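Colleague: Thanks for making time for this one. Could you walk me through the fold, step by step?

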Amino acid sequence: MQDYSINQFIELAGTPPLDVEICDVTLRDGEQMPGVVFRSEEKLDIARSLDEIGVDIIEAGFPVVSKAEKAAVKEVCNLGLNAKISALSRSNRADVDAAIDCGVDMVSVFIATSDLHLRYKLHMSCEEAVSTALDAVDYAKDHGLIVRFSAEDATRTGFETLLGIYRKAEEYRADYISVADTVGILNPRTTGYMIGEIRKWVKIPICMHCHDDLGLALANTLAGAEAGAKQLHTTVNGIGERSGNTPLEELLVALRVHHGVDRYDLSRLKGLSTMVCNYSGVPASKNKAVVGANAFAHESGIHVAAVLEEPRTYELYSPEMVGADRMIIIGKHTGAKALKYITQRMGYDLEKKDLCQLAEKVKTCSEFKRPISCDELRKLILDLDIEFVYNGP
Ligand code: HCA
């Protein structure tokens, strides 16, 4: 395993060992991203791949949404995966029954608890909402399920009220309580404080479910974990409602780099990301951490020269670790050293002065406004008025 203690701050600040589990919600919250629909076979592929990575819990769907959704959740349950399979359920017995019919191990019973949601969405008093939720929790427990109780919009709920609700859920035998940062209002500091306080009052494990409206979902999830949250929610590529959720690939790599968590097979992350891009129709941005096309791409002459000598100069972790490939891009920033490496791999043996001449030619091609392909580079080499050895195919 690569040694990240090269950063002294990791040693100085300390990186506590974390006892966490991952619950991936791509098949439920990920699919709630506007325009995303997974076919049943696609859901099964994604579930298998999550399981191969070692994800602990897969939230397979929201069975009452449709017949097809219910059938797909059932099929995921029948795959016989190592991961526990969970389903989302509103706080009523019919929803819990639908989850039971699918054969899930776990159910996420949720109800909104913030004044905003109670007033404008549920049109209920807090007491009514809580008693409805507790009945569903009780019912699911009586049917032998592992139960997560999720307070939707928890992070905009009065804290005293929220603590009271969580304590009631614990009393009603919920196995987990979930802090749903439904609109992504937390920051790492408030998350740490919140989880620390909840832990003083509630002894069952806490789940962190973060949304990315401020671009802080990953940071908040980590802050929650550092403060003692056990179950961390993710989606592949961070897809989800609005700005999405905590990206699985970023969280797993951060857990590896900062906390030495090494029980997940990270080498499958790039493959899973590509699969989800294809199935969801949502491409990952080029500069996305871990799985973006540029995550291990180098063009600048200075960077390429260094990376060719020692990749760790400009790569925090290796592309192999996450199943990706390193790419050396030919463009206006490419230097002679990079061109030597690239042209050698293309079968050319060029002298240093010719490589410098080629580098100049490459710079003048920047009007293409895109990297130069190998074919274009070959043409530039042939246009040079020089003698060279060619050992290529
Ligand atoms: C939603 C519900 C939820 C539930 C979170 C959880 C949220 O609004 O779709 O399972 O803890 O973000 O509040 O996804």
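Modeller: Happy to! One definition before we start: two strands pair if DSSP finds at least two bridges between them. Please keep in mind that this is a predicted model.

Colleague: Good to know. How many bridges join β3 to β4, and in which sense do the two strands run?

Modeller: Pairing needs at least two bridges, and A87 gives us one place to look, since it stands opposite V107 in β4. β3 and β4 also belong to a right-handed β-α-β unit, with helix α5 (residues 93–102) as its helix. The strands β3 and β4 run parallel, and the number of bridges joining them is five.

Colleague: And on to the next strand: what is the bridge partner of V109 in β5?

Modeller: β4 and β5 pair in the parallel sense over seven bridges. Within β5, the bridge partner of V109 is F149.

Colleague: In what order do the strands close into a barrel?

Modeller: The pairing is parallel here as well, and eight strands take part. Neighbouring strands of this sheet are turned by 25 degrees against each other on average, direction ignored. The order is β1-β2-β3-β4-β5-β6-β7-β8.

Colleague: Is β4 largely enclosed or open, and how many of its residues are buried?

Modeller: In a regular strand the side chains alternate between the two faces of the sheet. In β4, M106, S108, F110 and A112 are on one side, V107, V109 and I111 are on the other, and all are buried. β4 is therefore largely enclosed by the rest of the structure, the buried count being seven of the seven residues.

Colleague: Which helices lie across β4 and β5, and at what angles to β4?

Modeller: Helix α6 (residues 115–122) lies across both strands, running at about 85 degrees to β4. Helix α7 (residues 126–142) also lies across β4 and β5, and its angle to β4 is about 175 degrees.

Colleague: There is a lysine in α7, K141. Is K141 buried or exposed?

Modeller: Leaving aside neighbours within four places in sequence, K141 is in contact with I146, V147, Y172, R173 and D175. The cut-off for buried is under 20% relative accessible area. K141 has 19%, so K141 counts as buried.

Colleague: Last one: where on helix α15 do the buried residues fall?

Modeller: In α15 (residues 352–364), the buried residues are D354, L355, L358, A359 and V362. Seen down the axis, they fall within an arc of 145 degrees, so they line one face of the helix. K353 and T364 are exposed on the other side. What covers the buried face includes α14 and α16.

Key. Residues are numbered from 1 along each chain as its sequence is written. This is a predicted model: local features need pLDDT of at least 70, side-chain atom pairs count only at pLDDT 80 or more; totals for chains, interfaces and linings use all residues. Side-chain values use heavy atoms; hydrogens and water are left out. Helices (H or I, at least four residues) and strands (E, at least two) are DSSP runs, numbered from the N terminus. The expected span of a helix is 1.5 Å times one less than its number of residues. Buried means under 20% relative accessible area, exposed over 50%, partly exposed in between (1.4 Å probe, protein chains only). The arc is that of the directions from the helix axis to the C-beta atoms. Contact means heavy atoms within 4.5 Å. Axes are lines fitted to C-alpha atoms, for helices over the stretch in contact, and angles run from 0 to 180 degrees between N-to-C directions. A crossover is right-handed if, with the strands pointing away from the viewer, the path from the first strand over the helix to the second runs clockwise.
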